[in-house]
Amino acid sequence: MFHTINPDILTRMKYLEDINARDRQDNTPLLQRLRQIPPETGRFLALLAAGSPEGDMIEIGTSAGYSTLWLSLAAEHTGRSITTFEVLPEKVKLARETFKVTRAANRIKLVEGDARDHLRNFKKIAFCFLDAEKDVYADCYEMVVPNLVPGGLLVADNAINHQAVLQPVLDRALTDTRVDALIVPIGKGELVCRKIG
Ligand SMILES: C[S@@+](CC[C@H](N)C(=O)[O-])C[C@H]1O[C@@H](n2cnc3c(N)ncnc32)[C@H](O)[C@@H]1O
């Protein structure tokens, strides 16, 4: 999977990594920043997604499509597609450009809007990456977990760097008898939940 990444994807990843690094240094307003996962988290997500059972792959919080590109490697590897949700029109435009220039668009369905208006349509979720505003995590968690297939994974970003604000949803996951869960200290901290059953 990582040994055969097409050069267009590598070029776009590097382009987005450079913008993301600049955003953090030049006081770009928060909502305009890309706020991407680091590359090691991308690899971690791709490995987990590639090993997930049959079912839908979804992502909540596309930004410019950087994490989606990592997940698209797993989608390609397992012959699936991924649906990703983004609420801000400017980010949707950037993500469309990302998927077009990398020729990854055939594996990716980008949905513009609040993910919470669409999640109920996904009844067999094999893998979900949650990386949106922190105030929607609890709603998304409650909408996704019942619809995870047995062995399906929900991975939520920022479990360490935004631990305080996410504590209620972290506590919910770590004591939820429907899933086995732990927080992995990679990147900004990933909450990993696996559906029991
Ligand atoms: C941290 S960024 C995502 C970064 C991206 N996952 C990456 O690593 O490349 C969060 C994104 O989620 C979007 N977002 C926030 N709330 C959302 C919601 N309810 N539904 C869909 N997108 C949402 C924001 O507009 C923002 O672009």
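This is a predicted model: local features need pLDDT of at least 70, side-chain atom pairs count only at pLDDT 80 or more; totals for chains, interfaces and linings use all residues.
Local features are given only where pLDDT is at least 70 and side-chain atom pairs count only at pLDDT 80 or more, whereas totals for chains, interfaces and linings use all residues. Residues are numbered from 1 along each chain as its sequence is written.

Start with the C-alpha trace of the chain, which spans about 40 × 40 × 30 Å along its principal axes. Colour by secondary structure to find six helices and seven strands, where helices (H or I, at least four residues) and strands (E, at least two) are DSSP runs numbered from the N terminus. Read from the N terminus, the elements run α-α-β-α-β-α-β-β-α-β-α-β-β. The radius of gyration is 16 Å, close to the 16 Å that the globule rule gives for 197 residues, so the chain is as compact as a globular protein of that length; the radius is taken over C-alpha atoms, and the rule is 2.2 Å times the number of residues to the power 0.38.

Next select the strands, which form an open sheet with mixed pairing in the order β3-β2-β1-β4-β5-β7-β6; two strands pair if DSSP finds at least two bridges between them. β3 (108–112) and β6 (179–184) stand at the edges with a single partner strand each, so one side of each is left without a neighbour in the sheet. Zoom in on β2 and β3, which pair in the parallel sense over five bridges, and pick threonine 84, whose bridge partner in β3 is leucine 110.

Move on to helix α5 (residues 137–144) and helix α6 (residues 163–174), whose axes come within 9 Å and cross at roughly 20°. The two helices α5 and α6 are therefore roughly parallel to each other (angles under 35 degrees count as such). Show Tyr137, Ala138 and Tyr141 of α5 against Leu166, Pro168, Val169, Arg172 and Ala173 of α6, which make the contact (C-beta atoms, placed from the backbone, within 7 Å).

Finish at the ligand, which 20 residues surround, the closest being Gly61, Ser63, Tyr66, Ser67 and Ala132; a residue is near a molecule if its C-beta atom, placed from the backbone, lies within 6 Å of it. Within this shell, α3 (66–78) and β2 (82–86) each supply at least two residues.

Definitions and conventions:
Axes are lines fitted to C-alpha atoms, for helices over the stretch in contact, and angles run from 0 to 180 degrees between N-to-C directions. Angles under 35 degrees count as roughly parallel, over 145 as roughly antiparallel, 65 to 115 as roughly perpendicular and the rest as oblique. Two residues are in contact if their C-beta atoms, placed from the backbone, lie within 7 Å.
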